[in-house]
Amino acid sequence: MRGATSTPRSLGWLLLPALLVLALFLGSVALLFFHAFWGKDGFSLIYFRQILDRADYHEVFLRTVSIAAIVSVAAAILAYPIAWLLWRLPRWRNLLLVIVLVPWLVSLVVRTYGWLVILGPKGFLNETLKWAGVIQSPVPLIFNDLGVVIGLTHVLMPFAVISTLSVLLQIDHRLEEASESLGAGGFDTWRRVVLPLSLPGVFTGLSITFLTSMGAIVTPILLGGVRQKMAGTQIYQEVVYNFNMSKASAWAICLLLLSALGLALLRAAEAALVPKADR
Amino acid sequence: MSRGTISIAGVGKEFGAATVLDAVDLTIAGGSFVTLLGPSGCGKTTLLRLIAGFLEPSRGTIAIDGVPMQGVPPRLRPLGMVFQNLALFPHLDVFENVAYGMRIRGMAAAEISGRVSRFLTLVGLAGFERRRIGQLSGGQKQRVALARSLALEPAILLLDEPLSALDLQLRRQLQVELKSIQRQLATTFVFVTHDQEEATMLSDTIVVMNGGHVQQVGTPGEIYRRPASPFVARFVGDINMLDGRIEAVDAGSVAVSVAGRRIAVPRASVVGNASTGGTCQLACRPESVRLGEAQADALSIEARVSALHRLGPTVKAVLDTPLGPLTALMMADQPRVAELAEGKTERLSVPSDTFTLFAST
């Protein structure tokens, strides 16, 4: 009986860490807005105006959104067959899942350097192609947008695999049998039953990989071109090298708005493609 | 041989070391309503899935209308299936669920919509075309599943306990409709259930299964009146079982002694090889137990009424007899039955020709 009365109070203490995290988060966001609108001379919109006016800044945002869009779609397309295989081969599922997740045990920087070894001008791929006589001079695979796309897709694909797999695992195998008993072959069953039912997982993966790519810093710094910045690297530069918190904050807010817009578009696409009753 | 005949010969199925089906021989007549009846684990669902092609037999052959089905995938077999959980496509509406098989076959849009509305009308769901599956009641889902598999006009429809999730009232109603639909279409229905009442109500033929074997094949009346084994007798309807000893065997009857009383059971009611001196089990249905002396040859005993259940039109009495407990089922409007009371002693009789005698082997 004593336990019954004391439980709610002790549970209240458990909320404390969550409240601290929430306070820290809200405080940071408040600080962000403060910096963005409050410069050395009081309230100002100068950094937002700068973003709106400068064509080279437009280009950075456009590149950020394009790369994030390409990466999320590429990750979704590459992840789907892997998720499907994991779903189809229950005996191998745990082993394959470990293989999918093992890169996460390696630090992001190390993984990204791995791509330098493979894709660099004197890297494995270029040397092999040169040796085979396919190319005369190295193909530029990194230190440009392509390198960033390859690196980010690699890093983020496991998210897409897992979110797709988790939805595939909820599909009742009897639905496939029902489809088969109605005359459908494997591909028809996949196209008409499995694919539509797994779309919510694909969209979850798209959202995660899109949002993460939008804020990417390390991969574009290591694999991207020197002058081809993304929004994340620009913010990083403003904070770490220029100590311009106000400009960085204005950029962060714009990035946030663009991410929210992208997410809203994804939601709209999902609502159009996936009937309401299944969600 | 009419369309939709299934011939099963020597079919066995093992899962690893476990034998689930053992040498099943069975012919299912085209256009009939056949029930595979048995307790859970008897192999009835396995047999259904073997016919459907979701499993391949370990031994033996299955042929549909004379065509061997070995290696033929489910989608190429001339049959439809209604699953236990119905397996309706949740992302499609009622129309698209029913149209699914026709879309796969690439039928013309006009024919598809014509057929969908014909079959939705057949199952009583006209006007529900654009409903989503999640908006339907259990009974309506049932009808959609039925329409979906019937819309392709298969020769055979397999049904895997499709009514088991419904409440009794709805179940009864759907049983009646199911049977009338089967009569209209003359499609072979193979229906799996563990509910003997459902089997009796629906079927032209009942296949009673137990432990991977077919125990008996017959009409509901035959199965009830002349069970082929003590298992069938116990599984289909209520039954009283008495132990006896075979005293004499002659051309017309077998004489048995039951706790010192002697009765003569007609040869037609004897299952197995009765030999003098052997033991046997005597089975009789509760409705064969009568109050008072019988006119004809009968087992006659004194019994005390230990419990009395009045069930509306009938009365069920549990009786203590020198042979052990017996259950009797009587019509409530008989004058003597109305006077029955717990604790009273009554004289009972069971006519000899209502017994089934199972000779021990």
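**View 1. The contact between chain B and chain A.** In this predicted model, 20 residues of chain B are in contact with 18 residues of chain A; two residues count as in contact if their C-beta atoms, placed from the backbone, lie within 7 Å. On the side of chain B that touches chain A, two or more residues each come from β6 (79-82) and α2 (94-104) of chain B. The largest share, 3 residues, is that of α2(B). Helices (H or I, at least four residues) and strands (E, at least two) are DSSP runs, numbered from the N terminus.

Local features need pLDDT of at least 70 and side-chain atom pairs count only at pLDDT 80 or more, while totals for chains, interfaces and linings use all residues. Residues are numbered from 1 along each chain as its sequence is written, and chains are lettered from A in the order in which they are written.

**View 2. The two domains of chain B.** An automatic or database domain assignment divides chain B into domain 1 (6-234) and domain 2 (241-359). Taken over C-alpha atoms, the centres of domain 1 and domain 2 of chain B are 38 Å apart. Domain 1 of chain B gives 6 residues to the contact, and domain 2 of chain B gives 6 residues.

**View 3. The annotated span of chain A.** An unreviewed UniProt entry annotates residues 61-266 of chain A as "domain: ABC transmembrane type-1"; such annotations may be inferred rather than shown by experiment, and UniProt positions are given in the numbering used here. Residues 61-266 of chain A are 76% helix and 0% strand, and the end C-alpha atoms of the span lie 18 Å apart.
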